[in-house]
Amino acid sequence: MKQGFIALILAAGQGTRFKSEKIKVLHRLMGKSMLQLVVDSIQKLKPEKIYVVVGYQKDQVMKEIVSPKVSFVHQQKQLGTAHAALAAKHVLKKEEGKDMLVINGDMPLVTAATLRPLFSFHRRQKNVLTLLSAVLENPRGFGRLIRSGNKIARIVEEQEATPSQRRIKEVNAGVYISRVKDFFQALSQVSNLNRKGEYYLPDVVEIFSQQGKKIGVYKTSRLDEIGAVNSRLELAMAVDTLRKRKIQQLIEKGITFYDPQTTWIDLDAKIGRDTILYASVIIQGKSRIGNGCQLFPFVHLMNSRVGNRVRIFGSSMIEESVIEDDSQVGPFAHLRPKTIVKSGSKVGNFVELKKTVFGPRSKAAHLSYIGDCEVEEGVNIGAGTIVCNYDGRKKHKTHIEAGAFIGSGTELVAPIRIGKNAYIGAGSTITKDVRPGALAVERGKQKEKPGWAKRIKKK
Ligand code: UD1
Ligand code: CA
């Protein structure tokens, strides 16, 4: 926006209707806290500064929202939204001439696409105060707009409203724009003589209106954006809205969803073109998925990076790991943190990798545990191979050089190194390093007693 402005977010209230130990605005939706979502939407308008009013659990809130543009002001006691905004009066003295966006911290669905036109409207109309409204089929819980003629006279809070006022469907969204100086002047006249004994911020409307100041109402038709989150039910509904928005964005970018209803993609996740997601895929955190991948049902990815043309089969869990191009993982694979599956590798059924670099072009197709390992290029790990990386006190490293072949049912007791192109006979428990190109077998010689079964039966 051409002209600078500052923002003030009200986030000091506990949110008693939430019934939580944790402050309401730190509850998360699709990977982001409610307050962070509000901050993100405001950031898109490039404010000069964002001030957040904190109170309840202020240390946690300040720790969560970290940005050079954000500062905090403290509301000692939570005596209402007007009182919350007033807590910033002193700090904002230096910003007196600027426009200020004041917004409730509990509206995680609001976007820049709604806030931006609100500003242009405010400036075009040269309003002293502009507020955002919407007409809702079910206005319960919101303050209602009382108009007189074509002007707005005041806002009445739900709990103060008469039955006929409650039937009004135009509501206050909790977003206001005014010049800092004008706003604080009106705000200091707000009283707490009402049912709740609180200082209601929307009372500034009546104050401005009695002073004959120009108040504008910007009525939005983007109804899903003004939903405030006051209860867990509203949280669940807001999560659903964000989930659908995210999936719609991805569909527009060329990603296929076989069952959008059951797929969850956190807001921070990115997915490339022509990738296909089957039903019930969950992608959390700052995950990145490349182009042309396939994620089969019940794949759960957390803070992980996936290259191009990767296939992850059903019910695999991938945590803080990397899967490079053209690899294949699962079904029922578990990649634990700090694992890198290099390109063209295959990690199959019931294989668990932990803190391991695997490949390129290596295979562990069935039933293995491979932890604290470096597996070089073109290694084949037979079914049921176990790396014994833990001696009860410490974790030890295993290194398997390029081209090695580990027979099925092998135990590799770490620390250990298997040389290039070496072979390990199936069923061995290997406790000493194996030289490049050698065959190591460690198992008892097979004995056979002919006719033994018949004899034992006779006894
Ligand atoms: C508020 C409005 C209501 C509007 C609705 C929109 C008031 C009095 N009412 O109602 O007209 O329709 O939002 O969603 O403003 N907060 C503080 N300190 C306090 C009290 C609240 O920082 O002392 C913060 C809360 O953390 C919250 C925001 O202000 O983020 C709004 O407070 P809340 O109690 O949720 O207001 P509502 O009753 O929902
Ligand atoms: Ca609210």
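Analyst: We start with strand pairing. Two strands count as paired if DSSP finds at least two bridges between them. The model here is predicted. In it, Thr 130 stands opposite Ile 177 in S10.

User: In which sense do S7 and S10 pair, and over how many bridges?

Analyst: The pairing of S7 with S10 is antiparallel and runs over six bridges. Strand S6 (residues 99-104) also pairs with S10 in the antiparallel sense, over five bridges. There, Met 100 is the residue opposite Ser 178 in S10.

User: Is S10 enclosed or open to the outside?

Analyst: Burial is judged by relative accessible area, with under 20% as the cut-off. Nine of the ten residues of S10 are buried, so the strand is largely enclosed by the rest of the structure.

User: Now helices. Which residues of helix H7 are buried?

Analyst: In H7 (residues 203-210) they are Val 204, Val 205, Ile 207 and Phe 208. These residues lie on the same side of H7, because the arc they cover around the axis is only 165°.

User: What do the buried residues of H7 pack against?

Analyst: Their partners are strand S7 (129-135), strand S9 (151-156), strand S10 (170-179), helix H6 (180-187) and strand S11 (215-219). Just after H7, Gly 212 has a positive phi of about 75°.

User: How many residues does the largest nonpolar core have, and which have the most contacts inside it?

Analyst: A nonpolar core is a set of buried nonpolar residues joined through side-chain atoms within 4.5 Å. The largest one here has 46 residues, and Ile 283, Ile 312 and Ile 418 have the most contacts inside it. Elements that each supply at least two of its residues include helix H8 (232-252) and strand S36 (416-418). S27 gives the most, with three residues. Apart from this core lies another, of 35 residues, among them Ala 7, Ile 103, Val 110 and Ile 226.

User: Which residues does Ile 312 touch?

Analyst: Leaving out residues up to four places away in sequence, Ile 312 touches Gln 294, Leu 295, Phe 296, Val 299, Leu 301, Val 306, Ile 318, Ile 323 and Val 329.

User: Last, buried charges. How far from Asp 266 is the nearest side chain of opposite charge?

Analyst: A salt bridge needs the charged atoms within 4 Å. Asp 266 is buried and has no salt bridge; Arg 28, the nearest side chain of opposite charge, is 7.1 Å away. Asp 266 sits in the loop between strand S13 (264-265) and strand S14 (270-271). Among the residues it touches beyond four places in sequence are Met 30, Lys 246 and Ile 283.

Notes
Residues are numbered from 1 along each chain as its sequence is written. Chains are lettered from A and ligands numbered from 1 in the order in which they are written. This is a predicted model: local features need pLDDT of at least 70, side-chain atom pairs count only at pLDDT 80 or more; totals for chains, interfaces and linings use all residues. Side-chain values use heavy atoms; hydrogens and water are left out. Helices (H or I, at least four residues) and strands (E, at least two) are DSSP runs, numbered from the N terminus. Buried means under 20% relative accessible area, exposed over 50%, partly exposed in between (1.4 Å probe, protein chains only). Lys and Arg count as positive and Asp and Glu as negative; His and the chain ends are not counted. Contact means heavy atoms within 4.5 Å. The arc is that of the directions from the helix axis to the C-beta atoms.
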